[in-house]
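Trainee: Please take me through this model feature by feature. I would like the general idea first and the case second.

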Amino acid sequence: MTRITQGMAPSEVLAILRQADGYYITNTARDMSQSDYKNRILLHTDLLAAPAREAAGYFSLEITGGASVHVDILRKQVDPFLKLELLREKMPDTMFQTLCRGVNLFGYRPYPQNVIRLTVREFAKYVDVWRTFDFMNHIPNMEAVFEEVAKAGKINEPCICFSTGPEHTNDYYIGKVREILDVTGDEIILCIKNHGGLGTPRRIGELVNAIKQAYPDLVIHYHGHNTDGNDIGRITAAILNGATIVDASDHAFTGFYGPPPILTVIQTMKDHGRTAIGIDEEAVIATSDAIRDERPHYAQFEAQIKGFLPTVQIHKLPGGAMGSSLEQASKGGFLDRMPDILHKELPRVQIELGNWWSVTPGSQILWTTAVSNVLEGERYGNPSGDLKNLLLGKYGPFPFYRPEDWIYEKVFGRNWKEILDKEGGIEQIEDMDIEKERQTLTERMGAEPTEQQLVLYLQHPNDAVDFFKFEEKFGKAYVLPPSIFLRQGGFQLGETLVFRDDTGKEHIVEIGPAQQTDDGETNVYLNVDHDQRLFVFEPEAQEGSAPVAQLSKQEIARLARQGDIRAPFAGNLYAVSVEIGQEVAEGDQLAVLEAMKMQTPITSEVAGTVSEIQAKVGQALQPGDPILTIEIPEE
Amino acid sequence: MKTKILVANRGEIAIRIIRAIQELNYDAVAIYETPDRDSRHIRIANEAIWIGDGPRSDYLDIDKVIDAALRSGAVAIHPGYGFLAENPEFARACEDAGLIFIGPASKTIEELGNKVKARQIMADAGIPMVPGTANLSPGEAGLEEAIAFGRQHGYPIMLKATSGGGGRGIRRIENEDELAEQYAIARSEAKAAFNDDSVYLEKVVVRPKHVEVQIIADRKGNTVHLGTRDCSIQRRNQKLIEIAPAFHLTPEQSEAICETAVRAARAANYFNAGTVEFLLDADGSFYFMEINTRLQVEHTVTEMITGIDIVRTQIKLAMGKDLLFTQDDVQPRGHAIEMRINAEDPRNDFMPEGGKTISVYRSPGGYGVRLDGFCYQGFTIPEVYDSLLVKLTVFGWSWHETVDRLRRCLTNFVITGPKTTIPFYLNLINDPDFQAGEFDTSFLDTHDHLFEYEEQVSEVNKLARLIAEIHYKRQNTYAA
């Protein structure tokens, strides 16, 4: 009955886990935030919870990784490293855990080896348990992370991603475990990553049992989601069959698609005579009491569909992608097509594309393909760049079977075989010139970046720079509680806001009147620490005031054939692949457009010379917005 | 009707004088030019008279000022510093109009204002002097005199306009070639600036300290000093920080300098308050520089360590009273430092920040803290006057207590809108040399790192900007 604390050597931790006469709990706060609140749970709330979470005695707190690193800088305006530092101050004994997407790290597509290693090294200074997965269960995609984690003296927790269907047999998964152990050696924790909360309790019990039979000394950490409302059942089966660690989170915030409540796990297992090792039940309850009042401020980020979704067993969307998928459906105005998309098209696409694991980035590929298949009316008629990469095997080999030829033909055209022969196979990404990137970042920031800033930049270049600029302008905004930071509809006149800045100093801001002047500017008066301050806002460009002629798809295509390259759909310009004066051939990549986390290369329809680049990297483009111009030499 | 005194000045010094006038139970009359119509000195005075659109020209217009005094029924005029303060014509015009000029007699101002004449008076009285020349002869002859002086006393030397002052009309010459080059230019510039092309030479005391002595005298010739001040920390010969008493002086040195200052004042038949300026060499010898025949900006530090209200004393003396204290009554104690908080950007060569509006003005207070300012939240700093916003003067019993108090005050002093010298001063007082009292007139030139600091936008103001935006846009677009 030993509590595991931060700072123990991995071998010591594993020795304790192997002798455990009960089970341990990981508080997957990060997954709860991602699955049920679009990753928006603020550091402010996590800091409120920190003392009670520390006292609760978890095996680990999953508080970083997944999409959270990106959302930290993109939407929460907090430095992911500083976040860990501040939490560590309040939680000296609790191990911190991350979820790492292997070769995709905390992003959506593969990074070069040297970037992976640098990133892992920086994060390993704060992160004790590294849960690493690959959506194709392709073990080589995780090796660089394994190596760096071991070098840093931290705990490796490789995953086998779990799904259901005739191919997903115990033998298959035991084979995968063997592959992992061949690479890592025995000193690991194995995670069964059930990101969709798929399968029945009985199926999970069987799987845990089968792995335990094959590898009796292997410590198993079961990770699930409560999308169908039955994860407690699966957790129970996992523990009873030999899992040592399970995942759950604080009941004040549990929703539908993330982890189930910790307290329910404890109560259920007690009746089975199993003890949660190191856990202080009072502290578990106290955590929820400490943060309960914050929950209403996050309501705006809860999923558009409320309630459990037992149909997850059909559509298999991972809990972590439920919120963002439903948000897209809502914003895109196709929430009413969800039954078709979720229950008919998604399972069909899933089978057609190989029945691998619906988790990042694979889940996004399945989802966008299914959505586009349903909305466009023509199946596979508008393939994303990532779907093409998948079909070319750039993410790794198909684990069970290759999609049928007709899909290749639909996506790549008649000579798809040639393309597959020429371009197929796993993508070898060349190392990045990190010093050159450091220089670029120095120029963009106007100051030498720290190593951590560089790491964030290498992950998400444009969003990182935006974040650094945000902090310069608005300061350390993570100090603001959700009631301020996430306020909707403005504040009340005379409302008093109290908060502490990053040095702990308390400030008081009283909301004064807002007045519009004759020239359309708005004057917002605030009383800041008893001094009146005026903030002037220029009138915003009225939507629709200057109607932009929308170009049709045909027009955009026609212009492209004349060398006038326009954005074919709405998205952010992720990269421009050419320079002014560069000669390009037909089919050369000109730029990359990013929408819904998916990157789509824009290729040249003509041969010629790049004469002008109109759009800037990072710019949000509407369909028809100019990107660049190619001069076609006269015959 | 109460006795009225007119204050022929603006800004912080006008308010300083108005306060003394009102404390003596007189009424204060302010004057102002149009760009100063929002200045606080108008509100504090008992009455205010508009004298024209200026800028500066009306404050400098003797007839208009005298006329304003006569129209208001004032019996006396306090000139403050700058503008007409050291203009003998103005003092004489007051005397002619039957108005009391609060300061020395016009004749004294005239004699001491002429640098060459002043040197002559002091030399006759046996006051030690930096080697220098009389007014150089016109034309080539003057250049030859200059070259001879340079050969005798060595370089560097200062070429000074006789009618210059306050750091203007001075150039440093490093060698003979430069002298030949600069001589004619200096003359023509002096002509343009002061309508007088006379120039003279002085040997440069390398890296001297600027030490001055406050003196005060009544009409009977009772002359006392109020101790020393160190004004070595300057930029381009303009004082930034003043300290009383002067640092690192032995009691004997201090006594010698102060005694010399009193002798100098007596030699000039000095009446009312004045300042005798000396250069202090590294070897401890000191040389007379000049007598300023006015109230100095930095008089506050002397008031803090002596407890004597210099402006009140000035007025009482001018109104016919005798000095109520003797030299023995003057017992300076502790230390005082004054910092001129200017609307300037030190990192941009002290570029003035005039024209900007003060959006927040929050000043410190408490024990040992004195503020002489005139700004307020919402005040737009006129571009046409000097950039001094407020003088922060702190007192402490020990040097370190004083520096610590100063740091506390600067840290809590919030002025937003224009850039100010506050962050620069914060950097400066944390410098080990400053803390050790090791500074001379080359301090800023030899301490480049003082200019390396970040403009302080307080964290709460950044966050308030975000809150304002969340309010205005009705959501946080950075979190959406």
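Mentor: Asn269(B) sits in the loop between H9 and strand S14 (272–280) of chain B; helices (H or I, at least four residues) and strands (E, at least two) are DSSP runs, numbered from the N terminus. This is a predicted model, in which local features need pLDDT of at least 70, side-chain atom pairs count only at pLDDT 80 or more, and totals for chains, interfaces and linings use all residues. Residues are numbered from 1 along each chain as its sequence is written, while chains are lettered from A and ligands numbered from 1 in the order in which they are written.

Trainee: What is the phi of Asn269(B)?

Mentor: Most residues other than glycine have a negative phi, and most peptide bonds are trans. Asn269(B) is not a glycine, yet its phi is positive, about 55°. With 15 C-beta neighbours inside 10 Å, Asn269(B) counts as partly exposed. A residue is buried if 20 or more other C-beta atoms, placed from the backbone, lie within 10 Å of its own, exposed if 12 or fewer, and partly exposed in between. His248(B) also has a positive phi, of about 60°, without being a glycine. His248(B) belongs to the loop between strand S13 (241–244) and helix H9 (251–267) of chain B.

Trainee: Which peptide bond at Pro55(B) is cis?

Mentor: The cis bond runs from Gly54(B) to Pro55(B), with omega near -10°. Pro55(B) is in the loop between strand S3 (47–52) and helix H3 (62–72) of chain B. Another cis bond links Tyr155(B) to Pro156(B), with omega about -5°.

Trainee: How should I read a helix with a buried side, and which residues of H8(A) are buried?

Mentor: Check the span first, where the expected value is 1.5 Å times one less than the number of residues. Helix H8 (residues 170–184) of chain A has 15 residues and should span 21 Å, which agrees with its end C-alpha atoms being 21 Å apart. Lys176(A), Ile180(A) and Thr184(A) are buried in H8(A). They cover an arc of only 65° around the axis, so they are on the same side of H8(A); the arc is taken from the directions from the helix axis to the C-beta atoms. Exposed Asp171(A) and Asp182(A) are on the face turned away from the buried side. After H8(A) comes Gly185(A), with a positive phi near 80°.

Trainee: Which strands form the closed barrel?

Mentor: Strands of a sheet pair through backbone hydrogen bonds, either parallel or antiparallel. Here two strands pair if DSSP finds at least two bridges between them. The closed barrel has eight strands with parallel pairing, S1-S2-S3-S4-S5-S6-S7-S8 of chain A. Within chain A, strand S6 (residues 189–193) and strand S7 (residues 219–223) run parallel, joined by five bridges. Lys193(A) has His223(A) in S7(A) as its bridge partner.

Trainee: What is the order of the open sheet?

Mentor: It is S17-S16-S14-S19 in chain A, with antiparallel pairing. Strand S17 (598–603) and strand S19 (620–621) of chain A are at the edges with a single partner strand each, so one side of each has no neighbour in the sheet.

Trainee: How many residues of each chain are in contact?

Mentor: Contact means that C-beta atoms, placed from the backbone, lie within 7 Å. By that rule, 36 residues of chain A touch 22 residues of chain B. S12(A) gives the largest share of chain A's side, six residues.

Technical notes. Two residues are in contact if their C-beta atoms, placed from the backbone, lie within 7 Å.
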